[in-house]
Amino acid sequence: MYDMVISGGRVIDPAQGVDGIANIGISKGRIVTSGEGLKEEDAAQVIAAQGKIVVPGLIDFHAHVYDVVTSLGLAPDRIGINAGVTTVVDAGSAGSDTFPGLPRFVLPQNKTSVFCFLHICRTGLCHLPEMRDWNDIDYEATVAMVQAYPDLIKGIKVRVVEPVMWNMGLELIKLSKRIAKEVALPLMVHVGDPKGVEGRSLTKELLPLLDSGDILSHCFTCKPGRVLQPDGSLMPEFREAVERGVVLDIARGNNGLSFDVAQQMLEQGILPDTISTDLAALNINGTVYSLLHTISAFLALGLSLNQVIEMTTTNPANAMKEGHRLGSLKDGMPANVSVLEMGEGDWEFRDSENQPLEVKLLLKPVVTVKDGVPFLASPAGTG
Ligand SMILES: [Zn+2]
């Protein structure tokens, strides 16, 4: 007897190379089996998924969920289980001075799983720009905070933006890298500065410092600091970084994704590893809306359904070394499942430059199963 069977949907699980009609069985919060032989009669609860798409619980690899304490934070469930997403990664909203409030005050009120990148700035993103000089970093406290929360903190975050970029220069990245190495976690680097000066950027110099597993955020930005050069070619240092295994993260946000840059880079064979939103209070009502909205943009840009699901399930799980329990529907894994439907119509999306993108297919959340418990998508989560 199963607690639940999700029946008859098109199951896509890139980690297992699965794409076909199947039933998913769930018992005691875990996936117990999947396949055609699984019967609805064997289940206490049935989710009829005929005509729907059934995928591992989606992971938004870059968002901001330090609700209330940071003005840009959103409640995890608002962009998580209410919107077809079971895991959200907070990309540096908290630093060593402010981190403990997140697990104490925010996470207990939400059911969505949250992992974090700890900002190198001691106060995280309480105010912007967050850093001015070295006094804003506490090396020992940052290392100690990572060690105190090993189950939550999956990496270190730094943003290469004015004015800190020119006050501290490459030394800031070197210090961030030193901390990341000391705690044996990846470094996530934000590039692209809307307030930056054209032609003045540290990106070329910092890329060689990134190792396999480190993360380049906003990889398809068109802002100063971008990797696409004015003549349309890619920085050689960027190509080398990709070959080394640096993780390319979309982090759409207000300034992180230009459809034109995306098109040019995709044409040159550059695929993102993770599609993420950079959702925050300042972009949830436009132009970002939700993870499924951002995924739909990439379908319109030419990626396949299997590719975009891989970039929002197994790839972000592996980037956090959580692939053993996240991002797949393998037998025995925690039962995190996103049931989606594909809408057809005519939509026009806008990017950070207010450039339009014609969209014909729009993914929408139907039911989100988190650790075996089903949640209906809320209208606010459908974007
Ligand atoms: Zn961000």
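What is the relative accessible area of K204? K204 has a relative accessible area of 33% and is partly exposed; buried denotes under 20% relative accessible area, exposed over 50%, and partly exposed the range in between, with a 1.4 Å probe and protein chains only.

The model is predicted, so local features need pLDDT of at least 70 and side-chain atom pairs count only at pLDDT 80 or more, while totals for chains, interfaces and linings use all residues. Residues are numbered from 1 along each chain as its sequence is written, and side-chain values use heavy atoms, with hydrogens and water left out.

Next, select E237 together with K204. These residues form a salt bridge (a side-chain nitrogen of Lys or Arg within 4 Å of a carboxyl oxygen of Asp or Glu), and their closest N and O atoms are 3.2 Å apart. The pair ties together parts that are 33 residues apart in sequence, because K204 lies in helix α6 and E237 in helix α7 (residues 236-244); helices are DSSP runs of H or I with at least four residues, strands are runs of E with at least two, and both are numbered from the N terminus. E237 is buried, at 18% relative accessibility.

Then select D211 and K177. Their salt bridge has its closest N and O atoms 2.9 Å apart. It links distant parts of the chain, 34 residues apart: D211 is in the loop between α6 (203-206) and β11 (215-217), and K177 is in helix α5 (residues 170-182). D211 is partly exposed at 32% relative accessibility, whereas K177 is buried at 9%.

Finally, select E348 and R350, a salt bridge with closest N and O atoms 2.6 Å apart. E348 is exposed, with a relative accessible area of 52%.
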